[in-house]
Amino acid sequence: MATYQLIAAYEVGAGGQSSITIGSGGTIPQTYTDLILKCSLRNNTGISYNTVKLSFNGSPSGSSYSFRTLYTIGTTTSSYGGSSGSEIVAGGSVSSGNTSSTFSNAEFYIPNYAGSTNKSVSCDSVTEANSSTNGNIFNNLTAGLFANTSPITSIVLTSDASSFVQYSTAYLYGVKNA
Amino acid sequence: MPNPTRIEINCETGEVLEIELTDAEVAQLEADRIAHEAQKAEEATNAALRAEQKAGLLARLGITAEEAELLLG
């Protein structure tokens, strides 16, 4: 039976944070089979439909990341993607123009993170924006690839050129026997 | 006024470091924000243009959006 253990938890304090690095210095334990990152996020930009970016083993750099996202804004469904990038764009973050005190729900699943093959990532997220002037519900489903055979030892979470605001949270779990 | 900060969490020790961004990192953040806003504005303009073109086409055809969906369905 699969077991989940909390590896790290963080809640953004007053003043916000431009990024959250979990496992600085390469300290994510390599003793699990999979990782799950659960986030509740809000950012300080007024632009609607902001995304969350994920990179591994250091600051966003290189060209090892590719992804494809299926998303819905209101009733319109579309997709976007990228290849050879420096990060995976996956999931949404509620912007400051949206309903106050609401946060996104985002979950990232990273199987076989400690293995010696390329790493896949899946993400589903939703942001609520009950506003006639600044958007609708923003749903995301993302499949991503980190084309690197090194184990994942740290994760960097950033938003679209903005900061995560107070009470945003990130929880990293290790999964055994998945 | 101090620069914005970022968070680094050490999973072995549980230590949480709050690190002030360098001036170069702040400048990059601002450049990214401007580029992101420009991209979003372009997307909004394109979407508005497309909606206008669609409305014009429907008007020329003399049908409603629902009738167009029926035709294409």
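1. An open sheet of six strands, with mixed pairing, runs in the order β7(A)-β4(A)-β11(A)-β2(A)-β1(B)-β2(B). Its edge strands are β7 (88-93) of chain A and β2 (16-20) of chain B, each of which pairs on one side only. From one strand to the next the twist averages 25°. Strands here are DSSP runs of E of at least two residues, and helices are runs of H or I of at least four residues, both numbered from the N terminus. Two strands count as paired if DSSP finds at least two bridges between them. For the angles, axes are lines fitted to C-alpha atoms, for helices over the stretch in contact, and the values run from 0 to 180 degrees between N-to-C directions.

2. A word on the basis. The model is predicted: local features need pLDDT of at least 70 and side-chain atom pairs count only at pLDDT 80 or more, while totals for chains, interfaces and linings use all residues. Residues are numbered from 1 along each chain as its sequence is written, chains are lettered from A and ligands numbered from 1 in the order in which they are written, and side-chain values use heavy atoms, with hydrogens and water left out.

3. Within chain B, strand β1 (residues 5-9) and β2(B) run antiparallel and are joined by five bridges. Ile7(B) stands opposite Glu18(B) in β2(B). Strands of a sheet pair through backbone hydrogen bonds, either parallel or antiparallel.

4. The interface of chain A and chain B buries about 1,600 Å², with carbon and sulfur atoms giving 59% of that area. Buried area is the accessible area (1.4 Å probe) that two parts lose on being put together, summed over both. Thr27(A), Ile47(A) and Ala161(A) supply 31% of what chain A buries against chain B, more than any other three residues. The contact (heavy atoms within 4.5 Å) takes 21 residues from chain A and 17 residues from chain B.

5. Between the two chains the count of salt bridges is zero, a salt bridge being a side-chain nitrogen of Lys or Arg within 4 Å of a carboxyl oxygen of Asp or Glu. Across the interface of chain A and chain B, 11 residue pairs are in polar contact, both at pLDDT 80 or more. On the side of chain A that touches chain B, the elements giving two or more residues are β1 (3-11) and β2 (19-22) of chain A. β2(A) gives the most, with four residues. A polar contact is a pair of N or O atoms within 3.5 Å; within protein, one must be able to donate a hydrogen and the other to accept it, and residues adjacent in sequence count only if both atoms are side-chain atoms.

6. Ser154(A), in the loop between β10 (138-146) and β11 of chain A, counts as buried because its relative accessibility is 6%. Buried means under 20% relative accessible area, exposed over 50%, and partly exposed in between (1.4 Å probe, protein chains only). The Ser154(A) side chain reaches the backbone nitrogen of Gly58(A) at 3.4 Å. Leaving aside neighbours within four places in sequence, the contacts of Ser154(A) include Ile22(A), Ser55(A) and Asn57(A).

7. Asn57(A) lies in the loop between β4 (50-56) and β5 (65-73) of chain A. Although not a glycine, Asn57(A) has a positive phi of about 55°, and at 32% relative accessibility Asn57(A) is partly exposed. Tyr167(A), also not a glycine, has a positive phi of about 80°; its place is in the loop between β11 (155-159) and β12 (169-176) of chain A.

8. Gln53(B) is in helix α1 (residues 23-61) of chain B and is exposed, at 52% relative accessibility. From Cys11(B), Gln53(B) is 42 residues away in sequence and 54 Å away in space, C-alpha to C-alpha.
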